Amino acid sequence: MPLVTTLFYSCFYHYMEAEGTFSSPVNLKKTFKIPDKQYVLTALAARAKLRAWHDVDALFTTKNWLGYTKKRAPIGFHRVVEILHKNSAPVQILQEYVNLVEDVDTKLNLATKFKCHDVVIDTCRDLKDRQQLVAYRSKVDKGSAEEEKIDAILSSSQIRWKN
């Protein structure tokens, strides 16, 4: 079998095995010098297919020398979001990873595409873009919590809108 297929199988069935065992994904990565990007893509696909969201989260969480945790993705969070959506991830998990996308336009496009309403609303608020928020208001359900949140933001006197 190809190495990537074997790695996928290992991530699917043997993900929690100790590093010393031959079937461990980490052991395969080290033995065959699999690049980080390839390993993360394969492990993400396998764990998302199993809906093991905690493992997906652990895959991107890194600690620095002071003990602070940070999310980091060698493949870019926009690809992570697309893979998670393809595997029917819950909206809360999608929102968490859409928020980690650095480019604002990409973040808004992904949030709109995958119906992550809170991310769109918060990003428009942070950009102080009243027109885009008003336009997005028509896309959410009438009487929903998202519409109420948009109304509260639009009526807030704390925000100095750009437009």
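Where is Lys115 found? Lys115 is in the loop between helix 7 (104-113) and helix 8 (117-127), where helices are DSSP runs of H or I with at least four residues, numbered from the N terminus. This is a predicted model, in which local features need pLDDT of at least 70 and side-chain atom pairs count only at pLDDT 80 or more, while totals for chains, interfaces and linings use all residues. Residues are numbered from 1 along each chain as its sequence is written, and side-chain values use heavy atoms, with hydrogens and water left out.

**Loop lysines**
- Lys115 has a phi near 55 degrees, a positive value in a residue other than glycine.
- Lys115 is exposed at 54% relative accessibility (exposed means over 50% relative accessible area, buried under 20%, partly exposed in between, with a 1.4 Å probe and protein chains only).
- Lys33 lies in the loop between helix 2 (25-31) and helix 3 (36-49), and its phi, near 50 degrees, is also positive.
- Lys33 is exposed, with a relative accessible area of 70%.

**A residue in helix 3**
- Thr42 lies in helix 3 and is buried, at 5% relative accessible area.
- Leaving aside residues up to four places away in sequence, Thr42 touches Val4, Leu7 and Phe8 (contact means heavy atoms within 4.5 Å).

**Aromatic rings**
- The structure holds 6 aromatic pairs (rings of Phe, Tyr and Trp, the last by its six-membered ring, with centres within 6.5 Å; planes under 30 degrees apart are stacked, over 60 edge-to-face, the rest tilted).
- Phe60 and Tyr97 form an edge-to-face pair, because their ring centres are 5.8 Å apart and their planes are at 65 degrees.
- This pair links distant parts of the chain, with Phe60 in helix 4 (residues 53-60) and Tyr97 in helix 6 (residues 91-98), 37 residues apart.
- Phe60 is buried at 0% relative accessible area, and Tyr97 is buried at 1%.

Technical notes: Helix = DSSP H or I, 4+ residues; strand = E, 2+ residues; numbered from the N terminus.
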